[in-house]
Amino acid sequence: MDEMDTRVPDPFAVGDDEEEVEAYNDNLLTPTVPAQEAPGVQSPSPVQKDAPPIPPPKIITKSQGDIRPLLSVNMFLPVPDSDPLTLLVAKYIPDPQARPRRDLSGDYTHTDLRTLIMTNSWRATARLARDQLTSGRVQDVSEVLEWWCLRLHSLARLRLYNQTAAECTTLFNVISSLQPPEFCNHVKDLLPLDLDLCRCRLRYWANDSIGYVDALMLTLNSCKRSLAKAMKRNVQNATVDGSVERWTERCARVSLVLASQLVEMKQYTTATRILETMILHPSAPPDLQGALAMVYLQVGDLGAASFHLNELAVNSRVDQVTKTTNEILKACFMGEWATAVDMLQGRAEELVQTENYVQRAIDANNLAVALLNLGKLSEGIAVLEDIFVHSPSMAVVAEPLIFNLATMYELRSNTAMDRKTAMLSKVALWSGDGLRHAVLKLG
């Protein structure tokens, strides 16, 4: 892309003749007093004075500015072409011919973005996002920010947290230095929520849990203020646009992330208060109430949990699969494992017919745990192994499922190492990038 001159021209640089410019400016600033005309002499008219006109000042709107600083190749760090899973395969599968083939080159030329995401090819996705940004083909600010969001998300899924933090910090520093200030504010208004959450997440990766909560609270309060402004604008204009729904969804997302962190810190009371405040909004999604019920189940408040689950059961916006899942989880929390097993086995065929493979993998994990609590270890292992056979691409990315199967192998016999090594081969073949290798429990 050709270099562009982004300097604003000086509107007062009208020529090289300094005396002429000075005389012209004197004429503009000094009031003209009619002089006594001499006979036969005509006074010169200011209109006839040979001076170039002053060009109007260039007006720069908030959407105009130079986005090239956001596309600089210096903002990106190289992605390593190895990962801990590859080292684990080399350690436990010594025969090179028996090792599963894994593509760590990051090549994306033979597939599309959707396939890369579905196959967890985060190394290739990160490279694609970088190439799109540095190629100069992307000129729209919103599109630039979306590609940056995909780049940072891919690095985080690769568990390259230090690199993600470095590139995220550089991005926000560059955004803050954009000129003119109107354009800088315009870019900040267009920031996707995922970029804000990524900047908050930097505190978590730095083991600063309190700072992470503070950053999330600032983001939540900012979303609430924007929601209030959108609602006020709709009332004043007597119109309904999508801004209220958009900001409501953002508030809900940040609230769920914040509540999850507070639960991790065992701050259950604060987490429930935040969720209870959010579900009072008329357009709040039902997922918030479901999350609130799960928190109450976790702390053992069955009364409050039952109240919210009963409200979700009669909520028309909640699908039947979610309602049944809530009942299953409630039975598990109450120790009614036989009831949970019957409900999970009862809808297994339905999930196969509807091709709901994600929920099928979740149900398989829950069913295996329920069977284990009933003392049926072999049946639990069979359930998880069946998922590896029929839906390997879905099973190997579900880290709790892999961890539970490795644990059950250890509980069953002394040949657990051979079984876990065989599972490592399947995981390395199907998992893609970013799997946390510790779930294999291979040391």
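**Close-up views of a predicted all-helix chain: legends**

The structure holds 3 aromatic pairs; rings of Phe, Tyr and Trp (its six-membered ring) are paired if their centres lie within 6.5 Å, and planes under 30 degrees apart count as stacked, over 60 as edge-to-face and the rest as tilted. This is a predicted model, in which local features need pLDDT of at least 70 and side-chain atom pairs count only at pLDDT 80 or more, whereas totals for chains, interfaces and linings use all residues. Residues are numbered from 1 along each chain as its sequence is written, and side-chain values use heavy atoms, with hydrogens and water left out.

**View 1. The stacked pair of Phe-76 and Trp-148.** The ring centres of Phe-76 and Trp-148 lie 4.8 Å apart with their planes at 10°, so the pair is stacked. Phe-76 belongs to the loop between helix H1 (18-29) and helix H2 (84-92), while Trp-148 belongs to helix H5, and the pair thus links distant parts of the chain, 72 residues apart. Both Phe-76 and Trp-148 are buried, where buried means under 20% relative accessible area, exposed over 50% and partly exposed in between (1.4 Å probe, protein chains only). Helices (H or I, at least four residues) and strands (E, at least two) are DSSP runs numbered from the N terminus; the protein chain has 21 helices and 0 strands.

**View 2. The stacked pair of Tyr-161 and Trp-205.** With ring centres 4.9 Å apart and planes at 25°, Tyr-161 and Trp-205 also form a stacked pair. Tyr-161 in helix H6 and Trp-205 in helix H8 are 44 residues apart, and their pair links distant parts of the chain. Tyr-161 counts as partly exposed because its relative accessibility is 29%.

**View 3. Helix H5 and its surroundings.** The end C-alpha atoms of H5 are 24 Å apart, which agrees with the 24 Å that its 17 residues should span at 1.5 Å a residue; the expected span is 1.5 Å times one less than the number of residues. H5 is mostly covered, with 12 of its 17 residues buried, including Trp-147, Trp-148, Cys-149 and Arg-151. These buried residues pack against H3, H4, H6, helix H7 (181-189) and H8, a contact being heavy atoms within 4.5 Å.

**View 4. Helix H8 and the residue that follows.** The 13 residues of H8 should span 18 Å at 1.5 Å a residue, and the end C-alpha atoms are 18 Å apart, which agrees. Among the buried residues of H8 are Leu-193, Asp-196, Cys-198 and Cys-200. The cover over the buried residues of H8 includes H5, helix H6 (161-176), helix H9 (209-237) and H10. Asn-207, which follows H8, has a positive phi near 60°.

**View 5. The largest pocket.** The largest pocket holds about 870 Å³ of space. On a 1 Å grid over the protein atoms alone, a pocket is an open set of points with protein on both sides within 12 Å along at least five of seven lines, a 1.4 Å probe fits at the points but cannot get out in the case of a cavity, and lining residues have an atom within 4 Å of a point. Grid points are joined across faces, edges and corners, and a volume is the space filled by probe spheres set on the points. Of the 27 lining residues, His-153, Ala-156, Arg-157, Arg-201 and Trp-205 lie nearest the centre. Helix H5 (141-157), helix H8 (193-205) and helix H10 (243-264) each supply at least two residues of this lining. The lining divides into 13 nonpolar, 6 polar and 8 charged residues; Ala, Val, Leu, Ile, Met, Phe, Trp, Tyr, Cys and Pro count as nonpolar, Asp, Glu, Lys and Arg as charged, and the others, Gly among them, as polar.

**View 6. The second largest pocket.** About 620 Å³ of space lies in the second largest pocket. Thr-119, Asn-120, Ser-121, Trp-430 and Gly-432 are the closest to its centre among the 25 residues that line it. H21 gives the most to this lining, with 3 residues. By class, the lining comprises 11 nonpolar, 8 polar and 6 charged residues.

View 7. Most residues other than glycine have a negative phi, and most peptide bonds are trans.
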